[in-house]
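Colleague: Please put the model up, and then I will ask about its sheet and its helices.

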Amino acid sequence: NFGVDLSFCCFPRFDETKEGEVVRHDGKRSDGYLEHIFKHAAKELFGMDVKEITYKALKNKDFQEVTLEKDGETVLRFAAAYGFRNIQNMVLKLKKGKFLYHFVEVLACPGGCLNGKGQTQTEDGKPDKALLNQVEEVYAAIPVRLPETNVRVQRMYQDWLEGVDSKKVQDTLHTKYSAVNQTASNLDIKW
């Protein structure tokens, strides 16, 4: 069993954002929730303040791993899997019981969200790398504000979620995963 705490990353916006209030999460790109969650988990679970994260490319640049070591032992293992090929490989490893990760950031687009079909492309539908680099630079220039220090997030916890440690927080934002018994069916998807 492993748990996922989404309490600081996936919030709907209930009011308008005014000019100058745009902030981003910790991470170099728009898809970098992994970075914030990794740093938060390191601090909360192991008392370690991680400043920089080093991604290690595994089979390709769109499947990367981040680990945290304490006393010579790997205590956190996160991965970023971008693109359907990597997602399929990840699901296969999960089915075979060879899944080593505590958290995986999954994005359908190779290269991440900013490289998606609705984003920076030339007229012939190919990625525009120069424009993508510009978009990433603009994104990186937006000030970082940790979600837990955001007044709107704090208000949401108080007004909508009935406090930080409430039952509603546990029911709404925390998930537990466990193995599911396989049933024989011709309708099962074979990856």
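Predicted model: local features only at pLDDT ≥ 70, side-chain atom pairs only at ≥ 80, totals over all residues.

Modeller: Residues are numbered from 1 along each chain as its sequence is written, and side-chain values use heavy atoms, with hydrogens and water left out.

Colleague: In what order do the four strands of the open sheet run?

Modeller: Strands are DSSP runs of E, at least two residues, and helices are runs of H or I, at least four, numbered from the N terminus. Two strands pair if DSSP finds at least two bridges between them. The pairing in this sheet is mixed, and the order is E2-E3-E4-E5.

Colleague: Which are the edge strands?

Modeller: An edge strand here pairs on one side only. That applies to E2 (56–60) and E5 (103–107).

Colleague: In which sense do E2 and E3 pair?

Modeller: Three bridges join E2 to E3, residues 63–70. Ala57 stands opposite Gln64 in E3. The sense is antiparallel.

Colleague: Why do the buried residues of H4 line one face of the helix?

Modeller: Buried means under 20% relative accessible area and exposed over 50%, with a 1.4 Å probe and protein chains only. In H4 (residues 151–159) the buried residues are Arg152, Val153, Met156 and Tyr157. They line one face because, seen down the axis, they fall within an arc (directions from the helix axis to the C-beta atoms) of 140 degrees.

Colleague: Which helix do the buried residues of H4 pack against?

Modeller: Contact means heavy atoms within 4.5 Å. The face turned away from the buried side carries the exposed Val151, Gln158 and Asp159. The buried residues pack against H5 (167–173).
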